Amino acid sequence: SSGINAEYGQGFPIFALEENSDVHILRMPLSATDESVKLEGPLRVLPPNNESYELDFSSILVLGCSPPVLACASLSGTVHHLALLSSDEEEEECLYLLEMFSLDLPEREAGSSEGGEEEAIKQ
């Protein structure tokens, strides 16, 4: 129990992804007496966004490790691995880009849907 309190003393991290690809962190305290919830963000991504990559996240998965590593994916099939670390310059947490890669996804036709939803609507 003391190890858990030491690691998550500020609160258990919950990550939230906004529609504009901003990532926020919500800290939920482990103590039953402390009901304060702290929302931080949007978190900065380092190195700063440049022409080599774009941040257009559509989904997020948090890997269970310390420090937390996020796998953020885009609709185009690009996956970014980001680690939550403290910035040396300021006393804030930032997401550091560890790696990114693209998956070869099959092209979907515009307007097509899976499961025959359009056919069900027409009937």
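Does L95 count as buried or exposed, and at what relative accessibility? L95 counts as buried because its relative accessibility is 0%, where buried means under 20% relative accessible area, exposed over 50% and partly exposed in between, with a 1.4 Å probe and protein chains only.

## Basis and confidence of the model

This is a predicted model, in which local features need pLDDT of at least 70 and side-chain atom pairs count only at pLDDT 80 or more, while totals for chains, interfaces and linings use all residues. Residues are numbered from 1 along each chain as its sequence is written, and side-chain values use heavy atoms, with hydrogens and water left out.

The predictor's confidence in each residue is given as pLDDT, from 0 to 100. The protein averages a pLDDT of 78, and 71% of the residues score at least 70.

## Overall composition

The protein contains two helices and eight strands, arranged along the sequence as α-β-β-β-β-β-β-β-β-α. These elements are DSSP runs numbered from the N terminus: helices are H or I with at least four residues, and strands are E with at least two.

Of the 123 residues, 25% count as buried. The accessible surface comes to about 8,900 Å², of which carbon and sulfur atoms hold 51%; the areas come from the Shrake-Rupley method with a 1.4 Å probe, and for residues only the protein chains shown count as cover. Among contacts between residues at least 6 apart in sequence, 31% join residues at least 24 apart.

An open sheet of mixed pairing is formed by five strands in the order 4-8-7-6-5. Strand 4 (44-46) and strand 5 (57-63) are its edge strands, each pairing on one side only. Neighbouring strands are turned by 35° against each other on average, direction ignored; the axes are lines fitted to C-alpha atoms, for helices over the stretch in contact, and angles run from 0 to 180 degrees between N-to-C directions.

Strands count as paired if DSSP finds at least two bridges between them. Strand 4 and strand 8 run parallel and are joined by three bridges, with C94 of strand 8 as the partner of R44. Strand 7 and strand 8 run antiparallel with nine bridges, and H80 stands opposite M100 in strand 8. Strand 6 and strand 7 (residues 78-86) pair in the antiparallel sense over five bridges; the partner of V69 in strand 7 is A83.

L95 lies in strand 8 (residues 93-102). The C-alpha atoms of L95 and V45 are separated by 4.7 Å, although the two residues are 50 apart along the chain. Beyond four places in sequence, L95 touches V23, L43, R44, V45, L46, L70, L82, A83 and L84.

The largest nonpolar core has twelve residues: F15, V23, I25, L43, V45, Y53, F57, L70, C72, L82, L84 and L95. Such a core is a set of buried Ala, Val, Leu, Ile, Met, Phe, Trp, Tyr and Cys residues joined through side-chain atoms within 4.5 Å. Strand 2 (23-28), strand 6 and strand 7 are the elements that give two or more residues to this core. L70, a core member, touches residues including F15, V23, I60, L82 and L95, not counting those up to four places away in sequence.

Conventions:
Contact means heavy atoms within 4.5 Å.
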